[in-house]
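Please read it alongside the sequence and the coordinates.

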Amino acid sequence: MKREKIVQTAGRKALEDFAFDFAHYNDDVLFGEVWNDPTLTPRERSMIVLSIFMGRGLADSSLEHHIQFAKENGLTKEQFAALVTQGAFYAGWPMGWALFNRGKAVFNEPQTLEEYAKTIDYPVGVPNDGFAQYFSKQSWIAPVGEGNLPIFNVTFEPGCRNNWHIHHAKSGGGQTLICVGGRGWYQEWGKEPVEMTPGTIIEIPAGVKHWHGAADDSWFSHLAIENSGVETSNEWLEPVER
């Protein structure tokens, strides 16, 4: 089975204008080359990184990112618990507690729609049956805006994506997405996917082919705001290849 290539852009987004070489080494060398070397699997590399974090006593906010990355790379909750339990004998019991406290936030994600709905500030609404043919799995929709600006909260079950599509307009138009829960992805045609977490805002101009949806292991909700325009319409296209 061909594994998906790991692509990292965090260095460029955060440091390209300040420390270009560091951003290059982070995105292109560390993740672009080392993490994609098939000698070790991404899961094995994640286990190495977590072990080093324990050994060095590092429990800052970046630790949760690495635990999330390990989960995406196939590390199960049971394997994480076994790794931390064994590592605590060498790195110290407080470090074990630190990793478990961070890990619980990653691995104990809501499993049902009802559990997930309690974690967001917007209603889930009703099954999105009117557009079901354009979604790979189940989604829900709830109107949350009033007046002339249509705003909907769209919720995706884990792994649900909508098809490639384009918002057309003679002038203006397009769409704005604001993530309000879970974790998902947005991708424009010909570009790398962009991760969406609560607070992420995506501006989609008219005429841009794109898709958005949930990560495979997480629920996902975003507000969809239809930007005002002239002669607006949506064109639904082919499903996203996984």
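## A loop serine and its surroundings

Once its neighbours within four places in sequence are set aside, Ser228 is in contact with Gly172 and Gly173. The model is a predicted one, and in it Ser228 sits in the loop that runs between strand E11 (220-226) and strand E12 (229-230). Ser228 has a relative accessible area of 66% and is therefore classed as exposed, the cut-off being over 50%. Between Ser228 and Val126 there are 102 residues of separation in sequence and, from C-alpha to C-alpha, 25 Å in space.

## Helix H5 against helix H6

Two packed helices are described by the angle between their axes and the distance between the axes. For helix H5 (residues 77-91) and helix H6 (residues 93-107), the axes come within 8 Å and cross at roughly 165°. Because angles over 145 degrees count as roughly antiparallel, H5 is roughly antiparallel to H6. The crossing in which H5 passes H6 is right-handed.

On the H5 side the contact is made by Lys77, Phe80, Ala81, Val84, Thr85, Ala88, Phe89 and Ala91, which meet Trp93, Met95, Gly96, Leu99, Phe100, Gly103 and Phe107 of H6. Sorted by class, the contact of H5 with H6 comprises 11 nonpolar, three polar and one charged residues.

## Helix H3 against helix H6

The axes of H3 and H6 come within 9 Å and cross at roughly 135°, and the two helices are therefore oblique to each other. Their crossing is right-handed.

In this packing, Leu50, Phe53 and Met54 of H3 meet Met95, Gly96 and Leu99 of H6. By class, the contact of H3 with H6 holds five nonpolar residues, one polar residue and no charged residues.

In soluble globular proteins, nonpolar side chains tend to be buried together. Here the largest nonpolar core has 20 residues, and those with the most contacts inside it are Leu50, Ile67, Phe80 and Leu99. Two or more residues of this core come from each of helix H3 (42-56), helix H4 (61-72), H5 and H6.

Leu50, leaving aside its neighbours within four places in sequence, is in contact with Leu63, His66, Ile67, Ala70, Leu75, Phe80, Leu83 and Leu99.

Notes:
Residues numbered from 1 in each chain as written. Predicted model: local features only at pLDDT ≥ 70, side-chain atom pairs only at ≥ 80, totals over all residues. Heavy atoms only, no water. Helix = DSSP H or I, 4+ residues; strand = E, 2+ residues; numbered from the N terminus. Buried < 20%, exposed > 50% of the residue type's maximum accessible area, 1.4 Å probe, protein only. Contact = heavy atoms within 4.5 Å. Axes fitted to C-alpha atoms, helices over the stretch in contact; angles between N-to-C directions. Parallel < 35°, antiparallel > 145°, perpendicular 65-115°, else oblique. Left-handed = near helix turned anticlockwise from the far one by under 90°. Nonpolar A, V, L, I, M, F, W, Y, C, P; charged D, E, K, R; others polar. Core = buried A, V, L, I, M, F, W, Y, C linked by side-chain atoms within 4.5 Å.
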